[in-house]
Amino acid sequence: MKKIVLFGGGTGLSQILKGLKLFPVEVSAIISVSDNGGSTGMLKEELNMPAIGDIAKVVISMADVNKDILDMLSYRFDGRTSLENHPIKNLLLAALYDIKGNLTESTEILCDFLNIKGKILPLTEEKIELVGHLKNKKVVVGEENITKCYSVIENLSYNKKFKVNEKIFKEIKEADLIIFSPGSLWTSIMPHLIVPEVCDAIRCSKAKKMYISNLFTQTGETDNFKVSDHINLIEKHLGGKYLDVVLSNNKKIDEKLVKKYQTEEQKDPIILDKENIDINIIEDSIYEIENGSIRHDSLKTAYLIFSYLMKENK
């Protein structure tokens, strides 16, 4: 069975995994653990643990259980209790961590409990903070603060050196395809690529490397970015021309929806500028509307990934 390793965190990665779990491939998701907002941030501080929110999201997307269980795991307590804003999935993972003292092992236990086929690995077992270095020369500490600063980011670093989860290197070495998932370019993908050991392993891997382009820009982070700008930033951090293919949407998005995103979130559709791209391009209609929001079509995107993998590994 072919092996796919995905780097990312949050909603973008989760959406892709929802589709990939339906195909005959072995999936390993590598998750950044530097988030410090909301429930995740509170648990991170109170239990002195790595951020678990993105891991919990990915767990839900890959779970093979009935809807009632999924609804329970996603349930978030409201202001009537001291558990306000905490979702059950975060509390379960935090409880396992408190028992085991190891996030990788805790995640494996939760994966077994939810019949997950595949691996979910945290980037590190340590509590770390992302540091943003802005164009205006300011330094912002904390992923949530970086996301909310709405200023051009020049570079990222961490607040300390840390040990990378050793299991990640084995997954990268054995991969047939490495994917940089959609999501926040600066706070979901770059947290992996600013780690020298991870970049070295990716560069040495014989796997094909794919980037799945976002559908909209991220306010303050990727304003005015086209698909080529995302590719260039990823390859800059990889240290060379290491991407083989980009998967991008080519279907025009409804003007009313575009206007909504531009007005409410100051986001614009990302343009596929083929004339500026020198790697292979897979283009198709890969979005869907879910509860009034635009998302990657998980099944269609997964099908295109699987088709590419089979074609390249004949």
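## A tour from R76 to the cores

Start by selecting R76, which is partly exposed, with a relative accessible area of 40% (buried means under 20%, exposed over 50% and partly exposed in between, with a 1.4 Å probe and protein chains only). The model is predicted, so local features need pLDDT of at least 70 and side-chain atom pairs count only at pLDDT 80 or more, while totals for chains, interfaces and linings use all residues. Residues are numbered from 1 along each chain as its sequence is written, and side-chain values use heavy atoms, with hydrogens and water left out.

**The loop around R76**

R76 sits in the loop between α4 and α5 (helices, H or I of at least four residues, and strands, E of at least two, are DSSP runs numbered from the N terminus). Show the contacts of R76 next (heavy atoms within 4.5 Å): leaving aside residues up to four places away in sequence, R76 touches S39, N85, H86 and P87.

N85 is not a glycine, yet has a positive phi of about 80°. Most residues other than glycine have a negative phi. At 29% relative accessibility, N85 is partly exposed.

**Helix α5 and what covers it**

Select residues 88-100, helix α5: its 13 residues reach 18 Å from first C-alpha to last, close to the expected 18 Å (1.5 Å times one less than the number of residues). Its buried residues are I88, K89, N90, L93, A94, L96 and Y97. Which helices cover them? The cover includes α2 (38-47), α3 (53-62), α4 (67-74) and α6 (103-113). After α5 comes G101, with a positive phi near 70°.

The axes of α4 and α5 come within 5 Å and cross at roughly 80° (axes are lines fitted to C-alpha atoms, for helices over the stretch in contact, and angles run from 0 to 180 degrees between N-to-C directions). This makes α4 roughly perpendicular to α5 (65 to 115 degrees; under 35 is roughly parallel, over 145 roughly antiparallel and the rest oblique). M72, L73 and S74 of α4 meet I88, K89 and L92 of α5.

Then turn to α2, whose buried residues are S39, T40, G41, L43 and K44. These pack against α3 and α5. N48 follows α2 and has a positive phi near 50°.

**The α1 and α13 crossing**

Select residues 11-20 for α1, together with α13; their axes come within 7 Å and cross at roughly 70°. The two helices are therefore roughly perpendicular to each other. On the α1 side look for Q15, I16, K18, G19 and L20, which meet S298, L299, T301, A302 and I305 of α13.

**The nonpolar cores**

The largest nonpolar core has 91 residues, of which F180, M210 and I305 touch the most other members (a core is a set of buried Ala, Val, Leu, Ile, Met, Phe, Trp, Tyr and Cys residues joined through side-chain atoms within 4.5 Å). Helix α13 (residues 298-312) supplies the largest share of this core, six residues. Centre the view on M210: beyond residues up to four places away in sequence, M210 touches L177, I178, I179, F180, L243, V245, L247, I282, I305 and Y308. A second, separate core has eight residues, including F216, I253, V258 and Y261.

**Last stop**

Finish at K137, in the loop between β4 (130-134) and β5 (139-141). K137 is exposed, with a relative accessible area of 66%. Its phi is positive, about 75°, although K137 is not a glycine.
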